[in-house]
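Hi,

Here's the structure I promised to pass on. Have a look at it first, and my notes on what turned up follow below.

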Amino acid sequence: MDIATLRSSHPDHWRKACALRVLAMDAVQAANSGHPGMPMGMADVATVLFERHLKFDASCPDWADRDRFVLSAGHGSMLLYGLLHLTGHADMTLDQIRAFRQWGAITAGHPEYGHASGVETTTGPLGQGLATAVGMAMAEESMRARWGAKIVDHRTWVIAGDGCLMEGISHEAIGLAGMQRLSRLIVLWDNNGISIDGKVSLSDITDQRARFAAAGWTVLSCDGHDPDDIDRALTAARASDRPVLVDCQTHIGYGSPKKQDTAGAHGSPLGPDEIAATRAIYGWDHGPFEIPEDLRAAWAAIGARGAAERAAWEGRLAALSEAKRAELARQLSGAAPRKLAATIRAIKKTAVETAPKIATRRASEIVLEAVNPVMPETIGGSADLTGSNNTRTKDMGIFAPENRAGRYVHYGIREHGMAAAMNGLALHGGVRAYGGTFLVFADYARGGMRLSSLMGLPVTYVLTHDSIGLGEDGPTHQPVEHLAMLRATPNLHVFRPADLTETAEAWELALTATRTPAVLALSRQNLPSVRTTFSGQNLTARGGYVLAEAGAKRQAILLATGSEVEIALAARAMLEAEGIGTRVVSMPCWELFEDQPPEYRRKVLPPGSVRVAVEAGIRFGWDRWLFGEGGRREKSGFVGMHGFGASAPADRLYKEFGITAEAVADKVRALLG
């Protein structure tokens, strides 16, 4: 629909949508940075969505049964900020709009979860929002099965652009959503045919509608500038029994006389002259950031439209028993149940009594077998490696269209999609997500994992086959640099436990975290129990601790994680037999050790002794503990990997790469001179 027809046929709608357009133009121009074209093109769709379809109450942005709205095309963030401001979100003031992209403002260049109410997830890396929304829709289905439609009954809406659909993660996401028949998921495709380089046809000829249809989606279309046609498509989308793609055919930079339908409207300010010309075409004679009071009132009414529905929901919630309300509140808050601590203690006592020699992936399974029954909110899964990751327990059931009460997800070979979906599960609330793959395939999941850390989501990544110890699969599957990569990520706890006790403690920390995701790096090969006495204290929470003290006068400290702790203990026995007092420090989580007071770290790693670290990964990062923290470069050494692995049985690989107790003892002797 052309502008003249739109203005004459739908004057009220036109003015509401123009308020979004001019705020985007003005904010991007004031910042001299940003993306005005997408908000200008999708303003009509967004206006119809918020006015007629989205269930929300701006006065209560955290209402648990609200619809979720995800701006996957996060570069168009001013569309979202304009919507939040105009509908009355208290924190999204006009001053925040004016401060778009400036230091300290909640109006970041791309939407940042936790900065502003109404921002459901961090977006910007294209495709992540779409894939995250799949997890939100899964969480809604799961919670509705557990709590009933009177308490949980909402949709997840997404605005995605051409870039979102070109990213590989979109293929994983739409395949998973289609297979799961997530009928509460509706994606509005901003089909404007333009990317930063120019026309989309320069780089892509995919028939997106056919692609979604092939994945089991309902595919609809509309004129993205005709409010009646938009409303028709969105109404039909809500009636579908499958996830829906709505092809919204739009013009990027709608109304800009020189930049509409060009890359020039995509990623840079329009410029004062072009903004003035566009304002004239819009019939908008108000100054920068100026919204007439009648329009403000109209948008405020849209923001308050869901208040009655929220009040009715609160009445239904109040009708639940006190115990059910308390349990729902606990699950929504992310707090662990009281039984968790006792459950972990029982596992640790059994571990000390039985001293099992098992792989830590099996140890993780033992923990989950005890934890999942007392935490009904857990939703686990694996990227087609269930039998290897040991992530499914018998009580869970399979999450599927015919069994929404199931708590185990077969993600398929979709590591990246799994990571993003788990972010969505966590963001939705009411569930605690964990998922497994091999540690080496953290490469594939990396984009989603980084956003877990950036958003502070307590997602747990169960990453097994954590070293050359996996053996015959060879260097393509043997991670050597991955621990360093993950440890380099801010706000990520990387646990590499040595036995069942440390694994149980790591799980306890992961399941009680509120703002930090966790990685459990777990072995394929069996390992002996190294914690031989029970402690009610969670020693893993200290990050590093003295596992075995020197018998003779201390001359050496051995630092190790995971499967190499047993090697350090064997080396200690050799050295102690020679009168070389040797302490062994287990370091299951560097990040938590770094958080300890300096006095504690100095107690564990006092100066004066030689230090040798042993880990079946690369050295990168270990120097902090070897010759930092009171150590000395000339009195420190490392036993581990210095390149890629090889295909052979695990025992042979450890010998060939020199990761042995003998090598550790030799290193200590050499350092002592």
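Predicted model: local features only at pLDDT ≥ 70, side-chain atom pairs only at ≥ 80, totals over all residues.

**Notes on the model**

Residues are numbered from 1 along each chain as its sequence is written, and side-chain values use heavy atoms, with hydrogens and water left out.

Back to Arg101, which sits in the loop between α5 (94-98) and α6 (128-147). Helices (H or I, at least four residues) and strands (E, at least two) are DSSP runs, numbered from the N terminus. The phi of Arg101 is near 70°, a positive value in a residue other than glycine. Most residues other than glycine have a negative phi. Arg181 is another case, with a positive phi of about 50°. You'll find Arg181 in the loop between α8 (168-180) and β3 (185-191), partly exposed with a relative accessible area of 43%.

Next, α12. This helix (residues 293-304) has 12 residues and reaches 16 Å from its first C-alpha to its last, close to the 16 Å expected at 1.5 Å a residue (the expected span is 1.5 Å times one less than the number of residues). Which residues of α12 are buried? They are Leu295, Trp299, Ile302 and Gly303. These residues cover an arc of only 100° around the axis, so they are on the same side of α12; the arc is that of the directions from the helix axis to the C-beta atoms. What covers them includes α2 (11-31), α3 (37-53) and α4 (77-87), with contact meaning heavy atoms within 4.5 Å.

Phe627 lies in the loop between α25 (623-626) and β18 (636-640), and is partly exposed at 22% relative accessible area. Leaving aside neighbours within four places in sequence, Phe627 is in contact with Arg619, Arg632, Arg633 and Ser636.

On a 1 Å grid over the protein atoms alone, a cavity is a set of points where a 1.4 Å probe fits but cannot get out, and a pocket is an open set with protein on both sides within 12 Å along at least five of seven lines; lining residues have an atom within 4 Å of a point. Grid points are joined across faces, edges and corners, and a volume is the space filled by probe spheres set on the points.

- The largest pocket holds about 690 Å³ of space. Of its 35 lining residues, Tyr113, Leu332, Ala426, Leu427 and Gly429 lie nearest its centre. α14 (322-333), α18 (415-428) and β10 (432-438) each supply at least two residues of that lining.
- The second largest pocket has about 400 Å³. Its lining has 21 residues, with Glu566, Ile567, Ala650, Asp651 and Tyr654 nearest the centre. The largest share of this lining, four residues, comes from α26.
- Of the 16 residues that line the largest cavity, Phe56, Arg66, His89, Gly118 and Glu120 are the closest to its centre.

Cheers

How values were computed:
Buried < 20%, exposed > 50% of the residue type's maximum accessible area, 1.4 Å probe, protein only.
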